[in-house]
Amino acid sequence: MTATMAANDTRAYRLGEFHRFESAGANFLYLVPAGAIFAVDTAVGRLIDCLKPAELGHGKVLENLTAGGLSVEDAEELIAEMAHSNVIVSRDSVPDKPSPLPDVFPVQTLVMNLTNQCNLSCQYCYEFGADKLATPEGKPKFMDVETAMRSVDFLLAESGDRRSIHITFFGGETLMNFPLLKQVVAYGNQRAREQDRHIDFSLTTNATLLTPAIIEFLSQNNIGVTVSMDGPKEMHDHLRVFANGKGSYDIIEPKVRALIQNHCTRPITARVTLTAGVSDVIRIFRHLKQDLGFSEVGFAPVTTSPNQLYAINAKGMDSVLDQFHQLAEEYLEHALRGESHGFSNVSDTLAELCQGVNKSHPCGAGLGLLGVGPSGDIAPCHRFVDSDAHALGHISTGIDKAKQADFLTRGNIASKYACHTCWARPLCAGGCHHEAFVRYGDTGHPNLHYCDWIRDWTDTCLRIYGTIAAKNPGFLQQFAERKAA
């Protein structure tokens, strides 16, 4: 195109939607509509800078780029490439509309609550605490064999052509119904083999009921284990207590050590609930990872209404974020040496960044994941099990498609108008449905109290990603492999 033709071009451009960040001395863009990461060279940087003040016509953009040393041909090619990537957008461009939900979306994971009973009385429990949603009155306390087998058949039927699917055992305390767990594993493996498919099993436990025989079974059957544990004795015992108020740490500590030593087929992970009395992230991580030997440790703030005494206030969340930053720096140092660190909050975000995740919903709840209670009621996830108000059907009759569609429509990022200008929405999508209901009374409400926190943490993980991509890109391959698995 000649200079005269460019001057007569009526196209005009403005900046697209992205988050710019620097890492390892290089500049990057996180492209929000695509959930993609784009390296910025000098020419791209000049293009962005010239459009910062205001929209410019095509000729002015071209003039700016050629003044910076590009040929007309190269400048035209750059403009076209950046427009195609939505780094810049033309005046008449129309934003992509969110894709409607498909008529059929196969289930990937079924969370089976084998019991709604627990031998602990944790004060912050979302099932039995002050903010509970469950309405278990008149329902079975333990899942029976018939319901369990129907649940397996339901998953196989609802998972479409997926060759590998997943069952997570949950509670209450999962191991209070261990005999049924063994039966489900045997039945599930048999039924999957008949269909030339595979079921992966995992469970979450408070570890109080672990025995050598149970550990041996879990190891022999390649069952993943996550232990709910809140750190050293005084922190763990702050809220994770038996009904008589006695702490559970002394009971579980030797059992956890035995589990980690003798479960030889899967890495053992810990899941920490952070509360107002348990927020020393660094010390908790050191104890669980280095003293006890967990493979990975993940942290989540307690899900609660803000008036509970154990709710973390704004100052406390700032402290948590500061400590997250410290562990993230350690993670980066390990990654650059090709070593595992174990802070799963970074690993999980890096995995999503590597996969170019751009979520329509915060998680798979009600979509690729469902929960089943002891009664056979189907819920969006394990946190809504036994809640009549949130039931999506029954294992004997299937999913109530109207209720499922309502849950998913309200939870879709397209319905969360407060999120539409946030650059971090591809990874967040408004936050946990359960947290939203507890805080705002609506599963589709964005978790606005976490917005600044999430943006800060996402920016931190983007910078870590950029540094690893520049200095040790092979480390990121594991996250591609995790997706394939």
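**Exercise 1. Is Asp103 buried or exposed, and what is its relative accessible area?**

Before we start, a word on the model: it is predicted, so local features need pLDDT of at least 70 and side-chain atom pairs count only at pLDDT 80 or more, while totals for chains, interfaces and linings use all residues. Residues are numbered from 1 along each chain as its sequence is written, and side-chain values use heavy atoms, with hydrogens and water left out.

Solution. 
- Step 1: find the residue. Asp103 sits in the loop between β6 (88-90) and β7 (109-113). Helices (H or I, at least four residues) and strands (E, at least two) are DSSP runs, numbered from the N terminus.
- Step 2: apply the cut-offs. Buried means under 20% relative accessible area, exposed over 50%, and partly exposed in between, with a 1.4 Å probe and protein chains only. Asp103 has a relative accessible area of 78%, so it is exposed.
- Step 3: look across the sequence. Lys401 is 298 residues away from Asp103 in sequence, yet their C-alpha atoms are 9.6 Å apart in space.

**Exercise 2. Describe the surroundings of Thr275.**

Solution. 
- Step 1: check its accessibility. Thr275 counts as buried because its relative accessibility is 0%.
- Step 2: list its partners, leaving aside neighbours within four places in sequence. Thr275 is in contact (heavy atoms within 4.5 Å) with Tyr124, His238, Leu239, Val302, Tyr310 and Ile312.

**Exercise 3. Walk through the open sheet of 10 strands.**

Solution. 
- Step 1: write down the order, which is β12-β11-β10-β9-β8-β7-β13-β14-β15-β16, with mixed pairing. Two strands pair if DSSP finds at least two bridges between them. As a reminder, strands of a sheet pair through backbone hydrogen bonds, either parallel or antiparallel.
- Step 2: β12 (296-301) and β16 (398-399) each pair on one side only.
- Step 3: examine β10 (residues 224-228). Four of its five residues are buried, so β10 is largely enclosed by the rest of the structure. β10 pairs with β9 (residues 198-205) in the parallel sense over four bridges, and Thr204 stands opposite Thr226 in β10.
- Step 4: move on to β7, which pairs with β13 (residues 369-372) in the parallel sense over four bridges. Here Val111 has Gly371 of β13 as its bridge partner.
- Step 5: follow Gly371 onward. Its bridge partner in β14 is Ala379, and β13 and β14 pair in the antiparallel sense over two bridges. Their hairpin has four residues between the strands, and Gly376 takes a positive phi near 95° there.
- Step 6: continue to β15. Two bridges join β14 (residues 377-379) to β15 (residues 393-394), and these strands run antiparallel. Asp377 has His394 in β15 as its bridge partner.
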